[in-house]
Amino acid sequence: MALLELKNVSVHFAGLTALSGVTFDVVPGQVCAVIGPNGAGKSTLFNAITGYVAPSQGSVRFDGRNIAGRAPHIIAASGVRRTFQNGGVFGDMTVLENVLTGLNQQTDSHPIGLLVNLGRSVIAEKEAVQKAHSLLELMGLSDHANRVTADLSSGQQRIVEITRALAAHTRLLLLDEPAVGLAASERDHLMTVLRSLAEDGIAILLVEHVIDLVMAVSDRIVVLNQGEVIASGTPEEIRSHDAVIEAYLGYH
Amino acid sequence: MSEITPAGASVARGRYAIVLRIGALLALLGVPLATNDYLQYVVNLILIYCLVAVGFNIVLGYIGQLAFANAAFFGIGAYTVGILMEHLAVPFWIALAAAGVVGTIVGALVGLPALRLKGYYLAIMTLVFGELMRWSYIHADKITKGSSGLPIPTANAFGFTLGTDTRKYYACLAITLFMLWTTRNLVRSRIGRAWVAIRENELAAASLGFSPALYKIAAFAWSGAVVGIAGAMFALVLGRIAPESFNLSQLLLHFTIVMIGGLGSIAGSVVGAVILTSAPELLRNFPGLEEIFFSILLIAVLLFMPRGIGGLLMTRMAGMRERLFRE
């Protein structure tokens, strides 16, 4: 059963149509990539799913509930997490602190308890630190836990952002161009990470320009052009799809 | 306890920290032995400005909002205590708590426009609010006694009369340490991390499942509480409060303390409060030197340590970075 269902989603900005009648599903345990030329509406699609833009029409259903037009933090709290194209890490924080912010809603500490160091709240805080450490270990970032995030390479910062997005009970992960600025080895690491997350049952929606990575990691690909879905299918189907070749891949 | 450091080292470090803390506390308790009345009064002011700066820093440094209602929070705390004690004969400790509560409420209310306004607009709006409050103290002279100032009755606490500067010092010390401790606890929790996250990237913060609006209001509310409490102590220490104590030059002093201490650093704010509160008093016998001292200090800070004393300590000394979590 689909975890995320988009039905006829349109977004208009002051007369400009950014998305038009977009319909597709994302299934748990699958990596679904959205590709398309610049200006095709990929980022708008992400923003419409995560609440940063309200769809003008259509429905966005996550786990059966319509989330279209709800506030970003409410959608995020329901298990939808995203990364940002320009990088959304908090540069002044350490890597560990970044990951801890992702655990904010899972940290069961009460404001009054925090103020005066009451036992239960302190324990909840310490448990969050332990959990963040184990997540960092899982993602190969343990050595950098106490480094200021801005000092890391852009590839490492991407991984920090993904780790932070995963910290909660994430069921749908949206990654906006995670491979930008990654070295080849980091890119391989990212692919391994994405595949193992999918195996754990997380649904992944990916916007990416690095087409080799998309073809290698995706179960399904959705092709956007001028705000419309022009094709969707397996990597093999997309590779041989005439309209896609014409609009995007650019070879014959 | 950290798993990375060997347990022995951690215990040793813990013991060292405890010894250091007990030593610091004994030194603080012994301060009145080394002061005369005037110096003691200056030390009391330092305690007040520690809270003024730390409270302001929450808004400016931690959540990164350009809001300048700090002198207003300070005045509201002071006048809450003054009005309750002078007109209603409320005991000091209750008036103090009331100043915290009123500060919290006013802080939250001032935080509301911050949900819509940013940058200069928020700065102007909060400045106007501060001036409006000062105007109110002057013109509500039935209860504030206007420009001539409101006298504060001598406070009593648990059977002691808080009449001398030394007694006021012990009351202020307890209050200040408690407020610094609670503020540090907040900063080192999910709340402090959410504040810094919002400062760093509000859009990304919203993607993590918590409401930036709620945490902004919380930051303003706590800032209002801390600075309101500082205002209450101000009323206690001065014995008389007047509208001119909460004007723009007072705000400028608050701002300078925070900037010199460093945005987002509690220790920096404390150091900044010590320097900027004591210097004018120590330089009082040398007319003109005060201005030169402030100018040189500000220029030096802006040129050589744009993140203030706290920022300098954090980058130059290992382990001095103020963490946003507990181990």
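I started with a strand pair: strand 3 (residues 31-35) of chain A and strand 8 of chain A run parallel and are joined by 4 bridges. Strands here are DSSP runs of E, at least two residues, and helices are runs of H or I, at least four residues, both numbered from the N terminus; two strands pair if DSSP finds at least two bridges between them. I noted one partner pair, A:Ala33 with A:Leu206 in strand 8 of chain A.

Before going on: this is a predicted model, where local features need pLDDT of at least 70, side-chain atom pairs count only at pLDDT 80 or more, and totals for chains, interfaces and linings use all residues. Residues are numbered from 1 along each chain as its sequence is written, while chains are lettered from A and ligands numbered from 1 in the order in which they are written.

Next I checked confidence (pLDDT, from 0 to 100 for each residue). Chain A has a mean of 92, with its lowest confidence in helix 10 (residues 242-249), at a mean of 73.

Back to strand 8 of chain A: is it buried or exposed? I found 5 of its 5 residues buried, meaning 20 or more other C-beta atoms, placed from the backbone, within 10 Å of a residue's own. A:Ala203, A:Leu205 and A:Val207 are on one side, A:Ile204 and A:Leu206 on the other.

I then looked at strand 7 (residues 172-176) of chain A, which runs parallel to strand 8 of chain A with 5 bridges. A:Leu172 stands opposite A:Ala203.

Last, the partner chain: 33 residues of chain A are in contact with 24 of chain B (C-beta atoms, placed from the backbone, within 7 Å). Helix 3 of chain A gives the largest share of chain A's side, 5 residues.

Terms used: pLDDT is the predictor's confidence in each residue, from 0 to 100. A residue is buried if 20 or more other C-beta atoms lie within 10 Å of its own, exposed if 12 or fewer, and partly exposed in between; C-beta atoms are placed from the backbone. Two residues are in contact if their C-beta atoms, placed from the backbone, lie within 7 Å.
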